Amino acid sequence: MGNEVVYCSCSILLLLLLVKVGGEVSSNNGVSMEQGQVIPWIKAYSLIKDLDVGNTWPFYFSPIQDPTSLEFFPEDQIRDIPFSSEALPQLLRFFSFSPDSRQAMAMKQTLEFCESEPVVGEVSLCATSFESLLDFARHVFGSDRVTILRSPLLSDSTPLVQNYTVLESKEIWTGKMIPCHYQPYPYAVYHCHFELVSGNKAFIVSLRGENGDTVTPVFICHVNTSSWDANYVGLRALGRKPGESELCHLLPAKDQLLLPK
Ligand SMILES: *[C@@H]1O[C@H](CO)[C@@H](O)[C@H](O)[C@H]1NC(C)=O
Ligand SMILES: *[C@@H]1O[C@H](CO)[C@@H](O)[C@H](O)[C@H]1NC(C)=O
């Protein structure tokens, strides 16, 4: 398991959204997943014990067409571009998207999501630059020293859906963490959120697919779900009520996890 920062391609959540939006690829996450459908044969949510060595489950990993789209633009290139729903007509002209295009719809959704109130018990921010991401982390962690984790890319030969067996599972962190979810937009935007409850955990889990490929994605476990919506798709998938158990999920390929160093 290398310790280099790797780009990965393992979004189960994306599949939920593919179903939800009828084939249109969108990577909204968290809040917007709540109306998503659970595909019964994909294990998108798990308990900590499911990450134990030897367990097998079917997973969906989504390919990433263009990993460069995940990289932030230099701050000075986007500083003067407004980032608000109010400016959408002007932004569509600027990026040359027609108002009824898929891109326009995605921009509208991202802007509205970024302007919505944070979920109760969280603070959040849409970061449009690496600097704003680090500022948020500094504010939450009280330190400049941040580790950024991503899950690795799958090889082109890996089937999108297959059973995976846990070869190794390492708890790497308990405490404050900031998951940052990629949002569809003409330049890189990440929705970063910090749950005020303490004790969330991060794992690196080595999985072997039936075709022999090994992937080592990051898993996040939310330990205290007591303030969550009972209708949250993940809780429903696990058959648990808010607060009854932790909820773990894979960190999708496009996302980042910020931890204090
Ligand atoms: C995974 O394994 C189970 C049990 O062997 C099997 O029923 C299921 O079809 C497999 N799923 C995939 C995607 O191969
Ligand atoms: C879980 O979080 C709630 C607030 O959302 C808090 O009241 C409760 O004490 C926490 N439970 C544990 C076991 O930390």
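Among contacts in the protein between residues at least 6 apart in sequence, what percentage join residues at least 24 apart? The figure is 75%, where two residues are in contact if their C-beta atoms, placed from the backbone, lie within 7 Å. A word on what you're looking at: this is a predicted model, where local features need pLDDT of at least 70, side-chain atom pairs count only at pLDDT 80 or more, and totals for chains, interfaces and linings use all residues. Residues are numbered from 1 along each chain as its sequence is written, while chains are lettered from A and ligands numbered from 1 in the order in which they are written.

Figure 1. Helices (H or I, at least four residues) and strands (E, at least two) are DSSP runs, numbered from the N terminus. Of the 261 residues, 35% are buried. Here a residue is buried if 20 or more other C-beta atoms lie within 10 Å of its own, exposed if 12 or fewer, and partly exposed in between, with C-beta atoms placed from the backbone.

**Figure 2. The largest nonpolar core, 50 residues in all.** A nonpolar core is a set of buried Ala, Val, Leu, Ile, Met, Phe, Trp, Tyr and Cys residues joined through C-beta atoms within 7 Å. The residues with the most contacts inside this one are Ala 127, Phe 136, Ile 178, Tyr 190, Cys 192 and Phe 219. Strand β8 (residues 201-209) gives the most to this core, with five residues. Zoom in on Tyr 190 and, setting aside neighbours within four places in sequence, you'll find contacts with Ala 127, Leu 133, Cys 180, His 181, Tyr 182, Gln 183 and Gln 256.

**Figure 3. Helix α5 (residues 130-141) and its buried side.** With twelve residues, α5 reaches 16 Å from its first C-alpha to its last, close to the 16 Å expected at 1.5 Å a residue; the expected span of a helix is 1.5 Å times one less than its number of residues. Leu 133, Phe 136, Ala 137 and Val 140 are the buried ones in α5. They cover an arc of only 100° around the axis, which puts them on the same side of α5; the arc is that of the directions from the helix axis to the C-beta atoms. An α-helix has 3.6 residues a turn, so residues three or four places apart point the same way. The buried residues of α5 pack against β3 (122-127), β4 (146-149), β6, β7 and β12 (256-260). Just after the helix comes Gly 142, with a positive phi of about 70°.

Figure 4. The C-alpha atoms of Gln 109 and Gln 183 are separated by 9.2 Å, although the two are 74 residues apart along the chain. Ser 96 is exposed, with 9 other C-beta atoms within 10 Å.

**Figure 5. The shells around ligand 1 and ligand 2.** A residue is near a molecule or strand if its C-beta atom, placed from the backbone, lies within 6 Å of it. Pro 58, Val 161, Gln 162 and Asn 163 surround ligand 1, and strand β5 (residues 161-174) gives the most to this shell, with three residues. That shell splits into two nonpolar, two polar and no charged residues. Ala, Val, Leu, Ile, Met, Phe, Trp, Tyr, Cys and Pro count as nonpolar, Asp, Glu, Lys and Arg as charged, and the others, Gly among them, as polar. Around ligand 2 are Gly 121, Val 197, Asn 224, Ser 226 and Ser 227, which come to one nonpolar, four polar and no charged.
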